[in-house]
Amino acid sequence: MEPEPVNTAEQALRRLELTVTRRLDGLLHGAHQGLLPGTGSEAGDSRVYVPGEDDVRRMDWAVTARTTIPHVRDLIADRELETWALADLSPSMDFGTADTDKRDLVVAAVGAIGFLSSRMGDRFGALVIHDEHIHRMPARTGRPALYGLLHSLMDAPRGQVVPDPPDLAEGVDVLSASRRRRGMRLIVSDFLDARPDLDPDAERPWERPIRRLAARHQVLAVEVIDPRELELPDVGRVAFADPETGNVREVHLSPKVRQAYAEAAAQQREGTRRALRRAGIAHLVLRTDRDWVFDVAQFVLRQRRMSHLAHRRPV
């Protein structure tokens with residue numbers, strides 16, 4: 001009896017899982033740590049009140065009334081967390097001129113965090129910006145559920161030009177409102193606006209929603225870019241198509257035009273970097289012409305080094 005053939009998507013996901021577990025496992029995750037100092041937020045068992053040591057605000061009045069002896073309820077730290085990802089699959093993500101498309105890097109970034117979260121037993125869910133909707137994939141535990149989520153991302157059709165599509169700011173607002181419980185939030189996008197502001201210090205449309213999200217959750221922003229979005233080749237006249245609007249325009253790529261494009265792209269990326277820094281969240285850049293696993297590993301090592309230096313006591 002011949003074995004059943006494995007489809008291309010299944011093979012790609014297995015390779016992704018193998019890459020993550022071999023090269024990133026043990027590097028990204030560790031023990032759960034709360035975002036705020038304290039013993040925790042979940043109610044635990046009750047015990048007898050100790051005057052002078054226990055906080056009367058944690059008094060368990062139900063047990064106290066039943067036993068006529070003052071009791072307090074301990075707080076325990078959360079051990080099962082929820083990780084939610086906001087995946088941008090708008091038409092601008094269906095672009096790539098190097099080793100892969102930007103959409104493939106979205107799946108890779110979501111898969112990397114998802115596989116590592118599932119190995120710790122955490123629930124993983126996602127919101128997907130696609131066409132005129134923001135699709136919700138509920139948070140579940142286990143490898144089969146994660147495979148199903150990643151299959152949905154890979155099988156999603158190419159983005160289409162639709163009137164009034166949801167933008168990144170709207171997606172972040174939905175992410176903030178969907179789940180209040182503290183945890184990690186992952187935002188994977190190219191952070192390109194419909195009407196970009198080339199002033200690096202100008203506030204981006206998605207900046208305030210991300211700032212509100214970061215006030216409650218640990219947030220990681222993954223910016224996905226392609227080298228052709230940073231500079232143009234010297235190929236003469238080219239027809240450019242805007243994936244978000246469908247507009248087509250022919251442009252002669254003279255040295256002056258190429259220089260102006262490179263300067264505008266650099267200003268736009270610098271504005272994204274400054275906006276995310278003002279929001280106080282971690283910022284990881286993945287490129288379609290680079291080894292994304294290496295970039296993730298280097299990013300985590302830098303974050304750990306900065307955290308270690310920040311917590312060092314002065315001599």
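Residues are numbered from 1 along each chain as its sequence is written, and side-chain values use heavy atoms, with hydrogens and water left out. Because the model is predicted, local features need pLDDT of at least 70 and side-chain atom pairs count only at pLDDT 80 or more, while totals for chains, interfaces and linings use all residues.

**View 1. Phe115 meets Tyr147.** Searching the whole structure turns up two aromatic pairs (rings of Phe, Tyr and Trp, using its six-membered ring, with centres within 6.5 Å; planes under 30 degrees apart are stacked, over 60 edge-to-face, the rest tilted). Here the ring centres of Phe115 and Tyr147 sit 6.0 Å apart with planes at 70 degrees, so this pair is edge-to-face. Phe115 belongs to helix 3 (residues 102–119) and Tyr147 to helix 4 (residues 143–155), so the pair ties together parts 32 residues apart in sequence (helices are DSSP runs of H or I, at least four residues; strands are E, at least two; both are numbered from the N terminus). Phe115 is buried at 2% relative accessible area, and Tyr147 is buried at 6% (buried is under 20%, exposed over 50%, partly exposed in between; 1.4 Å probe, protein chains only).

**View 2. Phe191 meets Trp206.** With centres 5.1 Å apart and planes at 65 degrees, these rings of Phe191 and Trp206 are edge-to-face. Both residues sit in the loop between strand 6 (184–189) and helix 6 (207–214), 15 residues apart. Phe191 is buried at 1% relative accessibility, and Trp206 is buried, with a relative accessible area of 1%.

**View 3. Around Pro91.** Look for Pro91 in the loop between strand 3 (82–88) and helix 3. Pro91 is buried, at 9% relative accessibility. Leaving aside neighbours within four places in sequence, Pro91 is in contact (heavy atoms within 4.5 Å) with Gly159, Gln160, Pro243 and Glu244.
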